[in-house]
Amino acid sequence: MIARSEVTLGDTSVYLGNPLPKTELQFQPALTLFRNIRVQALLSRRAGYKTLNNTDRFRCAFAQNCRAINDPTSPLADQAAAIAALLTTDAGYIQDASFTRLREVSVTFAAPKQWAGAARANALSLTLAGRNLATWTNYKGLDPEVTSTPNQNFSTSDFLTLPPVRYLTARLNLTF
């Protein structure tokens, strides 16, 4: 384990990064197969920003209940961040929040007109969809996109905040 004596804090303030994404991209492909099956997806990318992983900071600096404090096999950078937090800096918990997320995938089957007619409808379709399906990131917390400070314009902080729920839905549409 790293000892307190092995961590030295500088005496100069250092800019740790932008709390707002410099890059935001969304890609929404759609494909129609055999005239009656439509597949859609929504992929998002946010990059070039940092967030305060206040959950890990709280667990290490206050609760003393984190791997960096208790496990000698934890990464040295995590151990140093935990000790630095005890020495009054949160710099070790300012982390890259860049991510790519598969926000949604849906498949819609438009039934033939005779199927809709059997239900006394003009059109019939079935959609299966999934939301918040995958996130690719190096952020050490649960989700780089969540913030416990939504009303503050120029800061982001993840403090005991739950990520968006992943869920699957099925929808039956009848048009009359």
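This is a predicted model: local features need pLDDT of at least 70, side-chain atom pairs count only at pLDDT 80 or more; totals for chains, interfaces and linings use all residues.
Local features were considered at a pLDDT of at least 70 and side-chain atom pairs only at pLDDT 80 or more, whereas totals for chains, interfaces and linings use all residues. Residues are numbered from 1 along each chain as its sequence is written, and side-chain values rest on heavy atoms, with hydrogens and water left out.

The secondary structure of the protein comprises four helices and eight strands, where helices (H or I, at least four residues) and strands (E, at least two) are DSSP runs numbered from the N terminus. In order from the N terminus, these elements run β-β-β-β-α-α-α-β-β-α-β-β. The radius of gyration, taken over C-alpha atoms, is 23 Å, well over the 16 Å that the globule rule gives for 176 residues, so the protein is more spread out than a compact globule; the rule itself is 2.2 Å times the number of residues to the power 0.38. Along the principal axes, the C-alpha atoms fill a box of roughly 80 × 30 × 30 Å. Of the 176 residues, 28% are buried, a class defined by a relative accessible area under 20%, with exposed meaning over 50% and partly exposed in between (1.4 Å probe, protein chains only). Among contacts (heavy atoms within 4.5 Å) with a separation of 6 or more, 68% involve residues 24 or more positions apart.

Helix 1 (residues 54-62) contains the buried residues Asn-54, Thr-55, Arg-57, Cys-60 and Ala-61, and these pack against strand 4 (50-52), helix 2 and helix 3. In helix 3 (76-86), the buried residues are Gln-79, Ala-81, Ala-82, Ile-83, Ala-84 and Ala-85, whose cover includes helix 1 and helix 2. The loop between helix 2 and helix 3 holds Ser-74, which counts as buried at 4% relative accessibility. When residues up to four places away in sequence are not counted, Ser-74 touches Arg-67, Ala-68 and Gln-79.

The largest pocket holds about 240 Å³ of space. Grid points are joined across faces, edges and corners, and the volume is the space filled by probe spheres set on the points. The lining of this pocket consists of 15 residues, of which Asp-56, Cys-60, Ala-68, Asp-78 and Lys-140 lie nearest the centre. At least two lining residues come from each of helix 1, helix 2 (67-70) and helix 3. By class, the lining has seven nonpolar, three polar and five charged residues, with Ala, Val, Leu, Ile, Met, Phe, Trp, Tyr, Cys and Pro taken as nonpolar, Asp, Glu, Lys and Arg as charged, and the others, Gly among them, as polar.

Three aromatic pairs were found in a search of the whole structure. Rings of Phe, Tyr and Trp (its six-membered ring) were paired if their centres lie within 6.5 Å, with planes under 30 degrees apart classed as stacked, over 60 as edge-to-face and the rest as tilted. One of these pairs, Phe-58 with Phe-159, is edge-to-face, at 5.5 Å centre to centre and 85 degrees between the planes. This pair links distant parts of the chain, since Phe-58 lies in helix 1 and Phe-159 in the loop between strand 7 (123-137) and strand 8 (167-175), 101 residues apart. Phe-58 is partly exposed at 32% relative accessible area, and Phe-159 is partly exposed at 30%. Together with Phe-62, Phe-58 and Phe-159 form one aromatic cluster.

Most residues other than glycine have a negative phi. Arg-35 lies in the loop between strand 2 (30-33) and strand 3 (37-47) and counts as exposed at 83% relative accessibility. Although 75 residues apart in sequence, Arg-35 and Ala-110 are 8.4 Å apart, C-alpha to C-alpha. Leu-160 has a positive phi of about 50 degrees; this residue is placed in the loop between strand 7 and strand 8 and is exposed, with a relative accessible area of 54%.

Terms used: On a 1 Å grid over the protein atoms alone, a cavity is a set of points where a 1.4 Å probe fits but cannot get out, and a pocket is an open set with protein on both sides within 12 Å along at least five of seven lines; lining residues have an atom within 4 Å of a point.
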